[in-house]
Amino acid sequence: MDVALYRSRKAKDKFAKTACFITVTIGLGALVLILWTLLSNGFASLGLYLFTENTPPPGSIGGLANAIVGSLIMTILGTVIATPIAILAGTYLAEFGRHSVVSSVTRFICDVLLSAPSIVIGLFVYQLVVVPMGHFSALAGSLALAIIVIPVVLRTTENMLSLVPPGLREAAFGLGAPHWKVVTSVSLRAARQGMITGVLLAIARISGETAPLLFTALNNQFWSTDLNAPMANLPVVIFQFAVSPYDDWRSLAWAGALLITISVLGLNILARVLVGDAAKQR
Amino acid sequence: MTTETMENSLNVPLPASVRSRGQILDMLVRNVTRGAAWLVLLLLAGIGLSLVLGGWQALKTFGPAFLWTDAWNPVKENFGALVPIFGTLVTSAIAMVIGIPLSFGVAIFITELCPAWLKRPLSIAIELLAAVPSIIYGMWGLFVFAPFFRANVEPLLIGTLGQIPGIGGLFAGPPLGIGILTAGIILAIMVLPFITAVIRDVFETVPPMLKESGYGLGMTTWEVVRSIVIPHTRVGIVGGVMLGLGRALGETMAVTFVIGNAHRISASLLAPGTTISSALANEFTEAVSDLYVSSLILLGLILFVITFIVLSLAKLMLARVERRAGR
């Protein structure tokens, strides 16, 4: 046996393994550090006043109530607009037109848009809604968020429907059920849990989105639930407050960042638990 | 199997009313869902179209020279895309140079090295980190990383690498903390979970048999990774990297906080710059003239085209891996 070769192979292996450990330490270390900064700064400025007071002018006391409510309204509205369209389209892709040209093109474009820059979607809605209406509005913000939701929910719906065992469908067809009945009562019902997961993940995705709201919903210093007017929202408030020179604004920004991260991670974990449950049932 | 053949194959005569009701509903459901699919397709195609329309005025005024003009003067209304494009490409390149080795290391650790009990928690942690909104990375970059970088790392870089003739220019100038290099590093941290998750997934598609044969021949872990796992998943790895690149190119918030928003090209990586997305985020709502807005939208179109190409390639490559794994 060639001892020198053996040694050099072992040394290389050792070196590569050590390099892996180092990258894991650096990579995860940075990410842990970010979460730690967020938690320590966020908790320091956490309090009930965040939910009762509106965003303040510089130098005075205030909270994030209007931004929290604005974010909730736009997130919910965006989800409500997008989910039915996405589920219907996903159903078509999986059940009716699995191999049609429309389906493959839609599938491809959705996949690309899952990672496409969200600021571009903001520009699109700006042109589509803000310019004709003449002013920024919460409605435009919700539409921008809806466009981000569509590809997420569409692809999960399609994936979940294609996981439904063909035997279930065939059994229903065999009983003489028409196609629509099979789709609504068998396929969609069997895929329900997975689809809920998709919607949850989409909500998590849009609740932290800042870029598409910058030129659609803009921001509003005051309490407003008018869909036809600019509306305060957490991400844009965080952006504005974080780059400001005022300390109270910055601490509010950290608190807002913490709220967003907790809800995003919470939704992700919930979605994961649901998927786990579904897997157990099978 | 279509509905018609189903119904014809049934020899039980159904009452006419039931059958026609079924057929009508069938047609309805089919057409409504198809309509939704078309709606989604048109909506998404509309994004590109609306950007072209919005950027038309700028395109007409400046022509294709917009792409290589480095002017950005809102007062004289003279705009060019060179500086933001340069910033976008350079920050993404830095992010890839730092991010790819890190993601590789983490993915190899998860699939080959870590004990079984750690595998799942680590995977979940990576996936959760991919979900953290980018604005959080931006804030951390601005408040924690930039001051640290300015005080500890940048003077060191200027003192050592900055003195070497040739590459010294890359690390010249005062230590500001914010700038192209900082933005690239923050981007690298941000794309790390994305790339790692994809690479881990494609690593998992390697048939265990192949790896076990390698180990059975007495190969070390590194040799198995280098000679079996990586060659087997080459296309998927490139796909994952391109996916991360697509993210990095279009990322807005993480960059906007730390890039410094300066419309100029400097040789030094430590100098502030701008990217397409950060220029949009910073200037769009303040742009007063039509030509200014139109130029910004044209920038958006350029970004859209670049990311669309990168992401399409990524998608095609990953689809190839999936097909092979499915066989």
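A residue counts as buried under 20% relative accessible area, as exposed over 50%, and as partly exposed in between. In this predicted model, Lys181(A) has a relative accessible area of 38%, so Lys181(A) is partly exposed. Lys181(A) belongs to helix H8 (residues 179–190) of chain A. Together with Arg189(A), Arg192(A) and Arg21(B), Lys181(A) forms a positive surface patch.

Chain B contains twelve helices and two strands, in the sequence order α-α-β-β-α-α-α-α-α-α-α-α-α-α. The C-alpha trace of chain B spans about 90 × 65 × 30 Å along its principal axes. Chain B has a radius of gyration of 26 Å, whereas a compact globule of 327 residues would have one near 20 Å. Of the 327 residues in chain B, 53% are buried.

Over all chains there are 13 salt bridges. The table lists some of them.

| Asp111(A) | Lys315(B) | 3.2 Å |

The salt bridge of Asp111(A) and Lys315(B) crosses between chains, from helix H4 (residues 101–114) of chain A to helix H12 (residues 290–326) of chain B. Asp111(A) is buried at 13% relative accessible area, while Lys315(B) is partly exposed at 21%. Both residues belong to a network of salt bridges that also links Arg107(A), Arg155(A) and Glu158(A).

Glu112(B) and Lys211(B) are both buried.

Glu127(B) is in helix H4 and Arg200(B) in helix H6 of chain B, so the parts tied together are 73 residues apart in sequence. Arg200(B) is buried at 9% relative accessibility, and Glu127(B) is partly exposed at 26%.

Key:
Residues are numbered from 1 along each chain as its sequence is written. Chains are lettered from A and ligands numbered from 1 in the order in which they are written. This is a predicted model: local features need pLDDT of at least 70, side-chain atom pairs count only at pLDDT 80 or more; totals for chains, interfaces and linings use all residues. Side-chain values use heavy atoms; hydrogens and water are left out. Patches are made of residues with over 30% relative accessible area and no salt bridge: like charges are joined within 9 Å, nonpolar side chains (Val, Leu, Ile, Met, Phe, Trp, Tyr) within 5 Å. Accessible areas come from the Shrake-Rupley method with a 1.4 Å probe; for residues, only the protein chains shown count as cover. A salt bridge is a side-chain nitrogen of Lys or Arg within 4 Å of a carboxyl oxygen of Asp or Glu. Lys and Arg count as positive and Asp and Glu as negative; His and the chain ends are not counted. The place of a charge is taken as NZ of Lys, CZ of Arg, CG of Asp or CD of Glu. Helices (H or I, at least four residues) and strands (E, at least two) are DSSP runs, numbered from the N terminus. Buried means under 20% relative accessible area, exposed over 50%, partly exposed in between (1.4 Å probe, protein chains only). The radius of gyration is taken over C-alpha atoms; the globule rule is 2.2 Å times the number of residues to the power 0.38.
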